[in-house]
Amino acid sequence: MLSLESITKTIQDWLLTKFSPQIALTLECVIVILLAITLFAMLGLVLVLLERKVAARIQIRLGPNRVGPGGIFQTAADTLKLIMKEGLTPDSADKFLFNLAPFVVMMVAMLLLAPIAFAKNFQIWDINIGVLYISSVSSLSVIGILMAGWASNNKYSLLGAMRSGAQIVSYELSAGFAVLTIVVLTGSLQISEIVAAQENGWWLFKGHIPVIIAFVLYIIAVTAETNRAPFDLAEAESELTAGFHTEYSGMKFALFFLAEYINIFIVCAIGATLFLGGWMPLHIGHWESFNHIMDYIPSSIWFMGKTFFLIFVIMWFRWTFPRLRVDQLLNLEWKYLLPISLFNLLLVTVIAIMGWYF
Amino acid sequence: MFLKDYISDVVNGVSSLLKGMRKTGYYFTHSKEIITEQYPDNRATLKLADRFKGEVVMPHDENNEHTCTGCTACELACPNGTIKIITKFDITPEGKKKKAIDAFIYRLEMCTLCNLCVAACPSDAIKMAPNFEHSVFDRSKLTKILNKPGSKIKEGIE
Ligand code: SF4
Ligand code: SF4
């Protein structure tokens, strides 16, 4: 059967027969980088279109429907427009930091791609502290945002960046605790092992109540971390024009915009990996024949399906809930999410020790 | 007690959020709810809301009669002088003089469609119509006389 695993293996074998191992490794790195950039560009186009369509349907509208059949080329046209626009740098801005910031945000998003398992044995880097790597690198994006806000020399940008800082630093905690519940149950930080542990059922089902709580907490926390409504205080249009990217235009703005969507994809991919089994097909206990049928659906489709389901849920949030105030935002984290996740972690630990999960 | 309040807070919060998501989820899955009008593609079948306000008109019945008494209440109510009522005096069969309108001048280019004139009219002689394709090449075309030529006031309206 043709799978991503066999394709990568063929390519690797072919490279190794033609070149020395070092050169083969370098070439593989180049291929991976090209693939990652292609994936980013595709994700940007698809997710923005998806968001606009979902928003339209939720608001009983039609959404973009003029460019191409059903509007599918709308985002491609928008991107072309953004490429042709002038990338303005304000006079009194800190030029170096101002131009660096979008790339920092983008780079963080790229780094996060490394440990994600897209399909069975199809992963850039199966690092043994995968989960730790993800939670530490993902908190770096706040540096890019603060950089953008500070360097713009604009009060709205600065306010947006400060809000974003407060928000990401707070919500990182409960996202971390939610991730920890799975680590406690699996006993490993490695992504491939976490996926393998869900062979006889996803953690969401196996871990029942505490994992469901952790899943809900995770979704809330990552919505906040990616600065999306109802937690989009960092760019609150009605208060701060556009928040930290007020001064950006053209392609530099597009990079921020793209990074937002890439980040959504990444956090949803991680959520799908931890709670919904990643590329693992839906397996129910000992129903051998059922499990067998499910195995026929390729693992990449399982992974993408779960990820896009979570992305849809986050979009659903965005177009349903009103934006929070700053104090409400911090109240929610420190008075509700954090105590609940601490208690939940304790519960999971007890369950893991007693072996009360399936 | 504190714990009880805390838990009921969380439960109430979550359930109200879920209620909202149910509503939007319903809209998402029911395409028949979509209200977008694809103007001008569907110009022939365009459906506008009843409350749509496009311009002020004066309805006339089949005998070319309207119900405007010329009281100028609408002219006074209009905040930006869009309406000008020119009155005349008709002679009734009994030989009495009776006030009537000569011309109801309405300047569409000045109208903000605020509906105050319609609300002020004591005899419901004017109303809002859902016409919105108002563009013309000559501005003077926007100054309209709402009472049709030869029209007169309906019997029994004072
Ligand atoms: S709708 Fe308002 S602005 Fe227009 S004529 Fe009536 S009162 Fe004047
Ligand atoms: S339209 Fe109504 S308010 Fe205006 S003059 Fe006629 S009767 Fe009076």
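## The shell around ligand 2

In this predicted model, the shell around ligand 2 holds ten nonpolar residues, four polar ones and no charged ones. Here Ala, Val, Leu, Ile, Met, Phe, Trp, Tyr, Cys and Pro count as nonpolar; Asp, Glu, Lys and Arg count as charged; the others, Gly among them, count as polar. Of the 14 residues around the ligand, B:Cys68, B:Cys71, B:Cys74, B:Cys121 and B:Ser123 come nearest. A residue is near if one of its heavy atoms lies within 4 Å.

## A sheet in chain B

Strands of a sheet pair through backbone hydrogen bonds, either parallel or antiparallel. In chain B, three strands form an open, antiparallel sheet in the order β3-β4-β6. Strands are DSSP runs (E, at least two residues), numbered from the N terminus. They pair if DSSP finds at least two bridges between them.

β3 (83-91) and β6 (143-145) of chain B stand at the edges with a single partner strand each, so one side of each has no neighbour in the sheet. Nine bridges join β3(B) to β4 (residues 97-107) of chain B. B:Ile91 has B:Lys97 in β4(B) as its bridge partner.

## Two domains in chain A

Chain A splits into domain 1 (1-84) and domain 2 (85-354). These bounds come from an automatic or database domain assignment. The domain centres, taken over C-alpha atoms, are 20 Å apart. The contact (heavy atoms within 4.5 Å) takes 23 residues from domain 1 of chain A and 30 residues from domain 2 of chain A.

## Reading the numbers

Residues are numbered from 1 along each chain as its sequence is written, chains are lettered from A and ligands numbered from 1 in written order. Local features need pLDDT of at least 70, side-chain atom pairs count only at pLDDT 80 or more, and totals for chains, interfaces and linings use all residues, while side-chain values use heavy atoms, without hydrogens and water.

How values were computed
Helix = DSSP H or I, 4+ residues; strand = E, 2+ residues; numbered from the N terminus.
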